[in-house]
Amino acid sequence: FCEVTQDQSAGTPGGKGDFGFKVLTASEPAALKRRLNSELANGRLAMMAIMGMFLQDGLTGSPWGDWALYTDSPLRAFENELG
């Protein structure tokens with residue numbers, strides 16, 4: 001839960017959506033570019049992680065499930081042949 005107590009009437013910065021909270025700021029353009037690229041990379045990594053959870057949920061029935069529950073996995077195709 002987040003409460004905004006800033007004036008949001010028309011003509012004020014709060015009315016335009018500017019609440020004075022800036023996350024990615026830097027005085028140097030190179031530092032700003034590095035921070036923005038890092039944020040993009042972390043976002044892409046998070047998207048891959050959630051897609052992996054969706055895949056595991058589809059295969060095992062639980063996003064936090066154990067792969068041992070999915071005995072028909074193609075990843076186990078040659079498990080018995082390893083000796």
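I50 is partly exposed, at a relative accessible area of 38%. On this scale, buried means under 20%, exposed means over 50%, and partly exposed is in between, using a 1.4 Å probe and protein chains only. Keep in mind that this is a predicted model: local features need pLDDT of at least 70, side-chain atom pairs count only at pLDDT 80 or more, and totals for chains, interfaces and linings use all residues. Numbering runs from 1 along each chain as its sequence is written, and side-chain values use heavy atoms, without hydrogens or water.

Where does I50 sit? It is in helix 1, residues 29-60. Helices here are DSSP runs of H or I, at least four residues; strands are runs of E, at least two; numbering starts from the N terminus. The protein chain has one helix and zero strands.

Now the helix itself. Helix 1 has 32 residues and spans 46 Å from first C-alpha to last, close to the 46 Å expected at 1.5 Å a residue. That expected span is 1.5 Å times one less than the number of residues.

Back to I50. Together with M47, M48, M51 and F54, I50 makes a nonpolar surface patch of about 540 Å². Patch residues have over 30% relative accessible area and no salt bridge; nonpolar side chains (Val, Leu, Ile, Met, Phe, Trp, Tyr) are joined within 5 Å, like charges within 9 Å. A salt bridge puts a side-chain nitrogen of Lys or Arg within 4 Å of a carboxyl oxygen of Asp or Glu.

What follows helix 1? G61 does, with a positive phi near 90°. S62 is in the segment after the helix. S62 is partly exposed, at 26%. Leaving aside neighbours within four places in sequence, S62 contacts Q56 and D57. Contact means heavy atoms within 4.5 Å.

Buried or exposed? W64 is exposed, at 71%. Even so, W64 touches M53 and Q56, not counting residues up to four places away. W64 and M53 are 11 residues apart in sequence, and 7.6 Å apart C-alpha to C-alpha.

Last, the whole chain. Of its 83 residues, 8% count as buried. Among contacts with a separation of 6 or more, residues 24 or more positions apart account for 0%.

Key:
Accessible areas come from the Shrake-Rupley method with a 1.4 Å probe; for residues, only the protein chains shown count as cover.
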